[in-house]
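Subject: Structure handover

Hello,

I am passing the structure on to you, with notes on what was found in it. Please open it alongside this message.

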Amino acid sequence: MSAVTTTPAVAVPPTGKFRVTWPVILLGAAGLLVLLSLTRIVTGAHDITSSGTVSAALYLAVPIGLAGLGGLWSERSGVVNIGLEGMMILGTWFGAWGALVTGNPWVGVVAGALGGAAAGVLHAIATVTFGVDHVVSGVAIILLGTGIAKYLSALIFSTMPGGGDTQSPRIPAMQSIGLWGPGGDNRWVLFEGADPLRTLETQRWFFVSDLAGLLRGLTTNVSLFTILAILLVPFSVWMLWRTSFGLRLRACGERPVAAESLGVNVYYYKYVAVIVSGALAGLGGAFLSIVAAGTYREGQTGGRGFIGLATVIFGNWRPGGLAAGAGLFGYTDALQLRQGGTSVHALLLVVALLLAAVGVYQLVRLSRNRAALITGGCAVAVLALFMITDTVPEQFTSFTPHLTTLLVLAFASQRLRMPAADGLPYRRGQAK
C-alpha cells in the first residue's frame, strides 16, 4: 500500500490594489510642485507657479467643475446629460437677470440654479418618463437653452440701460474674502496690508517661492461663490458615497432592475439626480456671468458644459478625480492667458518629464514593454520640440486646454469604468 503524499499549499499573498489616500495625494502634489519649480528655474517662465496664474486657474476651473459635478450626479443615476451646456447657458442668463432685478448677486446665484434645474426637469421628463434617447434629449436642451437665452436677452436686457440684445448691464459685484491685501466694500480681508507670501514669492527661491505663490493665489481675493463651489465637491462625496440616499441613487445607475426589486423607486432617484445635475450646471453658468465676467454675454459658456462632461470621464465618475480634471483644464487655460507662448513652452518640458516617468512605471511595474516604448517615444518627441523651439505660436496656445483634455482622456481611457446602466433605457416594471 503506497502512501499518498500531499504537497502543502503555498499561501499566496493577495495582490494589493493601489489606493489613493491623503498622504499619497499630498506627496503627489508636492512632487508636481517640485517639478514645476525646477521647470521655472530652467526656463525662466516664472508665471507657471505665480499667484496670478493660480488665482486665474481657480476661477477658470470653478464653472467647469460645477458642470462636471452636474454630469456626475446625472450619470451616477444612469442618465447621460449631454445638455449640460444648455443648462449652463440658462444659468448665465437667469443668474444675471436675478442679480440685476434685485441688486443682490446671491439672488442671481439662486436664479441661475433654478434656471438650470428647470432644464433638468425637461431632460428628466424626456429621458426617464418617455424614454427618449439621452443624447437626443441633451442636444434638444442645448438648442432650447440657446434660443431661450437669446430671446429673453432681446426682450429684457435690451430695455435696460447699458444692456443690449446680446449682453446685460453690469452686475452687482459678489463679495470676496482673503487673508492678505487691501480691503474694500466687497472685499473682506483678515490681515489688511500684510502680505508675507508676496515677499516670499518675489524672491524666486526654489520650491519656497512656488509654494508661496500657490498659497497666495488660493488665499487672496477669493469669491464667496468660489468657496461655495469648492464645498460642493466634498458634499457630493458625502451625499453619494456616505448616505443611504446616495447608495440607492448609484444603484439606479448600476443595476436599476435589481434596485427596483428591492423596493427602490428608480424613477424618483433618476428625477432627483437629473434636476440636481441641472441646478449644478446652472450654478456654473451663474458663476460665469456674476463672478468671472460681471455681466451676461451671448456665447459666454464657450463649450464649458462639454468640457465638464469630459472631466467626469477623466475623473472616472468620482468627485475627486473630476475636481482634479477641472483644475488641470483651468491651469492650462490660465497659462495661455499669462505669458502665453512662454508659459506653454515651459509646460512642454513638464509634459516630457511626466511622460518619461509614466514610461518607466509601465516598464518596471507593469511590464508593458510596448506601451512603455510608445510613451517613451512621445516623451522624446515632446522634449525635442521643447529644445528646438523658444516659444509656442499664439494660435496654438489658445488650443492648449482642449488638447490637454484630449491627451489626458486618451491616456486614462484604459482605467475608466462608467456606471453599468449609464445611458441604457429603463422602464418601470422590468423587474417583474
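To begin with the second largest pocket: helices α6 (196-203) and α7 (208-219) each supply at least two residues of its lining. Please keep in mind throughout that this is a predicted model. The space in the second largest pocket comes to about 240 Å³. Its lining is made up of 13 residues, and those closest to the centre of the pocket are His46, Ser50, Glu201, Thr202 and Arg204. Sorted by class, the lining of this pocket holds 7 charged and 6 polar residues, with no nonpolar ones.

Searching the whole structure turns up 2 cavities of 30 Å³ or more. The second largest cavity has a volume of about 60 Å³. Helices α4 (105-129) and α11 (266-292) are the elements that give two or more residues to the lining of this second largest cavity. The residues that line the second largest cavity are Val79, Thr127, Val128, His134, Tyr267, Lys270, Leu424, Pro425 and Tyr426. By class, 6 residues in the lining of the second largest cavity are nonpolar, 2 are polar and 1 is charged.

Now the strands. Strand β1 (residues 176-181) runs parallel to strand β2 (residues 187-192), and 5 bridges join the two. β1 is also joined to strand β3 (residues 222-223), here by 2 bridges and in an antiparallel arrangement. Ile177 is a residue to look at in both pairings: Trp188 stands opposite Ile177 in β2, and Val222 is the bridge partner of Ile177 in β3.

Last, helix α15. This helix covers residues 369-388, and its 20 residues should span 28 Å at 1.5 Å a residue. The C-alpha atoms at its ends are 28 Å apart, which agrees with that expectation. Which residues of α15 are buried? They are Ala372, Thr375, Ala379, Val382 and Phe386. Viewed down the axis of α15, the buried residues fall within an arc of 95°, so they line one face of the helix. On the face of α15 turned away from that buried side sit the exposed residues Asn369, Arg370, Leu373, Ile374, Val380, Met387 and Ile388.

A note on methods will follow separately.

Regards

Conventions. Residues are numbered from 1 along each chain as its sequence is written. This is a predicted model: local features need pLDDT of at least 70, side-chain atom pairs count only at pLDDT 80 or more; totals for chains, interfaces and linings use all residues. Side-chain values use heavy atoms; hydrogens and water are left out. Helices (H or I, at least four residues) and strands (E, at least two) are DSSP runs, numbered from the N terminus. The expected span of a helix is 1.5 Å times one less than its number of residues. Buried means under 20% relative accessible area, exposed over 50%, partly exposed in between (1.4 Å probe, protein chains only). The arc is that of the directions from the helix axis to the C-beta atoms. On a 1 Å grid over the protein atoms alone, a cavity is a set of points where a 1.4 Å probe fits but cannot get out, and a pocket is an open set with protein on both sides within 12 Å along at least five of seven lines; lining residues have an atom within 4 Å of a point. Grid points are joined across faces, edges and corners, and a volume is the space filled by probe spheres set on the points. Ala, Val, Leu, Ile, Met, Phe, Trp, Tyr, Cys and Pro count as nonpolar, Asp, Glu, Lys and Arg as charged, and the others, Gly among them, as polar. Two strands pair if DSSP finds at least two bridges between them.
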